[in-house]
Amino acid sequence: MELCDPFSLNGHFLTIVLLVDLEAVAETVENSTDQISAAFEGSSIGEPNVGMEFESEEAAKNFYEKYAKHEGFVVRLDRCHRSEVDNRIISRRFSCNKQGFHVRVRNKTKPVHKPRTSIREGCEAMMLVKVNKCGKWVVTKFVKEHSHLLNASGSPSYSKMIESKDRIIQQLTKELEYRDRLCQQYRRQLFSLLETVEEQTESLSKNVELVVNNIRNL
């Protein structure tokens, strides 16, 4: 009678179990990746570009302030240009608060005080808007690059995104720990089964040997 190889059988059993666990973990990781992507997409703010239109100067200011908050810098209400006809503002530049350099004017009549530390670093990041013939405020110039590091970690959207990623990482960690414990349990069961098969094989060998000896004696 041909006997099945117990190691081969249990090897297939272990392979099936591990494949099931790996598929479950892969599905969890894929779902978590989708959640992270959704968090990134939900927190994204459109970048200014030349040709973008706004209904008013205030709308353009609000948009650039939201963009600045997301990127991690503060907006400075910079220079404007007025109409020679009615003196209304027809163009406005919104700059980074670190635009330009601080120029200290010394007053000889007042006592000398310790100068305050200036936050200006000559940053050229800005958005320039002008009124067109239709009354729309149009972006005519946009400089994205800053001459300093941005404080993106201070923006609420960035903080929410980090919190969301941390929660997903914690969930993944717990899931992996559970799968690891499950694999260890399967491993113990497999070793116990192998020990049982080994004991049965040894017992069968002794019985076969006893039968052979009896046949010889006869």
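1. Strand β3 (residues 89-96) and strand β4 (residues 126-131) run antiparallel and are joined by 5 bridges, where strands are DSSP runs of E of at least two residues, helices are runs of H or I of at least four residues, and both are numbered from the N terminus. Two strands are taken as paired if DSSP finds at least two bridges between them. Within this pairing, Ser91 has Lys130 of β4 as its bridge partner, and Arg93 stands opposite Leu128 in β4.

2. The model is a predicted one, in which local features need pLDDT of at least 70 and side-chain atom pairs count only at pLDDT 80 or more, while totals for chains, interfaces and linings use all residues. Residues are numbered from 1 along each chain as its sequence is written, and side-chain values use heavy atoms, with hydrogens and water left out.

3. Confidence should be read with care along the chain. The mean pLDDT of the protein chain is 76, with 65% of its residues at 70 or more; pLDDT is the predictor's confidence in each residue, on a scale from 0 to 100.

4. The protein chain holds 3 helices and 5 strands, and from the N terminus on its elements run α-β-α-β-β-β-β-α. The 5 strands form an open sheet in the order β1-β5-β4-β3-β2, with antiparallel pairing. Because β1 and β2 (75-82) stand at the edges with a single partner strand each, one side of each is left without a neighbour in the sheet. Helix α2 (residues 57-71) packs on the sheet and touches β1, β2, β3, β4 and β5 (137-143), its direction making about 10° with that of β3; axes are lines fitted to C-alpha atoms, for helices over the stretch in contact, and angles run from 0 to 180 degrees between N-to-C directions.

5. Val129 has Val139 in β5 as its bridge partner. The hairpin of β4 and β5 has 5 residues between the strands, and in this hairpin Gly135 takes a positive phi near 85°.

6. Strands β2 and β3 pair in the antiparallel sense over 6 bridges, and the bridge partner of His81 in β3 is Ser91. Their hairpin has 6 residues between the strands. Asn87, found in the loop between β2 and β3, has a phi near 65°, a positive value in a residue other than glycine. Asn87 counts as partly exposed because its relative accessibility is 47%, the classes being buried under 20% relative accessible area, exposed over 50% and partly exposed in between, with a 1.4 Å probe and protein chains only.

7. For the chain as a whole, 25% of the 218 residues count as buried. Among contacts between residues at least 6 apart in sequence, 55% join residues at least 24 apart.

Technical notes:
Contact means heavy atoms within 4.5 Å.
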